[in-house]
Each structure stands twice: as structure tokens, then as C-alpha cells.
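Hi,

Here is the structure I promised to pass on to you. Have a look around in it first, and then read my notes below.

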Amino acid sequence: MNPSAAPSPSASSASGSVAAETVADPIDLLLAAGRSHGRAGALAASLTFGSRSILKIKHDPKQLVDSAAIPILFTVLFTYLFGGAVSGSTGDYLTVLLPGVLTMSIAIVTMYGGARLAQDVRSGAFDRFRGLPVWRGAFVLGGLLGDAARYLFASAVVVGLGLAMGYRPGGGAPGVLAAVVLVVALGFSLSLLWAAVALVVRDPAVVISIANAVLMPLSFASNIFVRPGTMPGWLRAFVDVNPLSHVATAARGLMNGSGGADGALVWSLTTIAVITLVCAPVALRLYGRRS
């Protein structure tokens, strides 16, 4: 064996150093690759957070319980208890009740999006997401996209239950779809409101309490369950300006194909636009300032 072929101590040390550097190279490459990537696009980041919200529903199906229980309870209970007394028959009452329950169900379900955001704030997930190199609004918008699954599920429950109970929409499928789009738009605007509340109070139970304090009076002091013609003047005045009354009236016109709801539709769209334009910037500002 050629002695000159034996590695010298200095050569062995150099080889070990090179080997160590070789082991570290993959980590350096990963870090370098991460630094070379630009910020994720706003749409891609929003869709990612939306997928996260939907996966949370998939792994925790009880989140859909209220989305199904509320419309089933109010539709069945009010139809068979008060349908004959209010409209003479359950069939006639469903034309009044079903669009109203659709409106109320979506409005009530919106509070759970705010509670989810407050829970993320308390758990620390919110702060970790804020450190990601993505558009700041992606977390809020992604949550809204996830909430859309709940709104569509609740809408399907209301419409499907109504059809099973004998309701036949005069506006056909286009009218029903238009009404669903309207109430889902209302749901998005209210979700922004509860998102802003969640970023202030940061407690899921408090968010739900505040939402209930607002939504329950709006739901029952409205034209969702009864016509306001027999109400006292002071109560009717409130019902006439109640945004849920306008949305319910517009949904009735669209689903029943009865017309005469153009004014309510304009007021509904105006209300949705105002809530969105006010609450979206507030929620994003609170999100950016949250430390």
C-alpha cells in the first residue's frame, strides 16, 4: 500500500469539515429557498385560510348543529303552531314564514364566525398568522369564505325542509337562488361586524352574547313571523326600519315571485353595502393594530 495514499490528519479534519458543511447544506438551501419566495397573493392566502376554516368544520361537525337546528326548530314549530291561526293554513303561512326564517337563520349563524375569530385570538393562532408574509386581510377574508359553508348549509336546510313541508316557490329555482344570494350577502356583512367585535373583546362567549343581544330583538321585532299590520304603532315603526324586515320582504318577493318587493330589495342592498363599507375597514385596521 502506498503510504502517500493514506490521508493525513489535516486531510481527515478537512474531510470532516466538508462533510459537516454538506450536512448543513440542505437546511441552508431550504432557508434560502424560503427567502427567495415572494409574498403569497391575496387570493391564494385567502383561499388557504378559507380551507382551514372548512377543515375545522370537517373535523368538528358540531359546528353545523346550530346551522341545522335553528331553521328546523323555527320552521316546524311556527308553521304547525301558528300557521292556521295567522294565515288560515300551513301552506299559506309557509310562503310568509320560509323566506323570513331563511333570513333569520343566516343572520344568527353569523355570530359563530366572530366567536371562531375570538377563539383564534385567545389561543395564540391569530398572532402566529399575523407573522406570516401574506396580505393582512387574508385571515379575515379567509374566515368569511369558510363561513360561507355554514350559510349555504343553513340555506339548503331551510329550502329543503320547506319543500318537504309542501312549500312551492312561485319564483321557481331562479327566485330561490336570488334570495339565497341576498341573505348570504347579508351574512357576509354581519360577519365583518362580528369580526370587528371579536378583535375588540377577544372572548368567544362575549361575542355571542353581544350578537344575541342585537340579533334576537331584530329577529322577533320584525315581519319574519307575522305581518306588521296589527302591531302597535310604535312597534310597527321599528319593524318598518328593521333591516331584517327589509331583507325578509325582499326574499319573499324573490322566492314567491310576487313582486312588489323592489323597494325592500333596494333597502336591503343599501344596508348590506353600508355595513360592509363601514365594518371591513374597521376589522382590517383592528387586525393590523392587534399586538
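Let's begin with the charged pairs: the count comes to three salt bridges in this predicted model. In one of them, Arg 116 pairs with Asp 147, and their closest N and O atoms are 3.8 Å apart. Arg 116 sits in helix 5 (residues 111-123) and Asp 147 in helix 7, so this pair ties together parts that are 31 residues apart in sequence.

Asp 147 also meets the side chain of Arg 150 in a salt bridge, at 2.5 Å from N to O. These two are three residues apart in helix 7, which means that about one helical turn separates them. Are they buried or exposed? Asp 147 counts as buried because its relative accessibility is 2%, and Arg 150 is buried too, at 3%. Through shared partners, salt bridges join Arg 116, Asp 147 and Arg 150 into one network.

Another salt bridge is formed by Asp 203 and Arg 122, with 3.7 Å between the closest N and O atoms. It links distant parts of the chain, 81 residues apart: Asp 203 is in the loop between helix 8 and helix 9 (204-220), and Arg 122 is in helix 5. Asp 203 is partly exposed, with a relative accessible area of 23%, while Arg 122 is exposed, at 55%.

Next, the nonpolar side chains. The largest nonpolar core has 61 residues, and Phe 74, Met 104, Leu 190, Leu 215, Phe 225 and Met 255 are those with the most contacts inside it. Helix 8 (residues 172-201) gives the most to this core, with 14 residues. If you click on Leu 190, look for its contacts with Ala 107, Thr 110, Leu 215 and Ile 275, leaving aside residues up to four places away in sequence.

A polar atom of its side chain is 2.7 Å from the backbone oxygen of Pro 71. Beyond four places in sequence, Thr 75 touches several residues, including Leu 94 and Met 165. Met 165 is in the loop between helix 7 (138-164) and helix 8, and its C-alpha atom is 8.1 Å from that of Gly 91, although the two are 74 residues apart along the chain.

Finally, turn to the surface. Leu 73, Leu 77, Leu 81, Phe 82, Val 86 and Val 226 form a nonpolar patch there, with about 500 Å² of accessible area together. Phe 82, in helix 3 (residues 65-87), is partly exposed, at 38%.

Enjoy exploring!

Key
Residues numbered from 1 in each chain as written. Predicted model: local features only at pLDDT ≥ 70, side-chain atom pairs only at ≥ 80, totals over all residues. Heavy atoms only, no water. Patch = residues over 30% accessible without salt bridge, like charges linked within 9 Å, V, L, I, M, F, W, Y side chains within 5 Å. Areas by Shrake-Rupley, 256 points an atom, 1.4 Å probe, with all protein chains shown as cover. Salt bridge = Lys/Arg side-chain N within 4 Å of Asp/Glu carboxyl O. Helix = DSSP H or I, 4+ residues; strand = E, 2+ residues; numbered from the N terminus. Buried < 20%, exposed > 50% of the residue type's maximum accessible area, 1.4 Å probe, protein only. Core = buried A, V, L, I, M, F, W, Y, C linked by side-chain atoms within 4.5 Å. Contact = heavy atoms within 4.5 Å. Polar contact = N/O pair within 3.5 Å; in protein donor to acceptor, adjacent residues only side chain to side chain.
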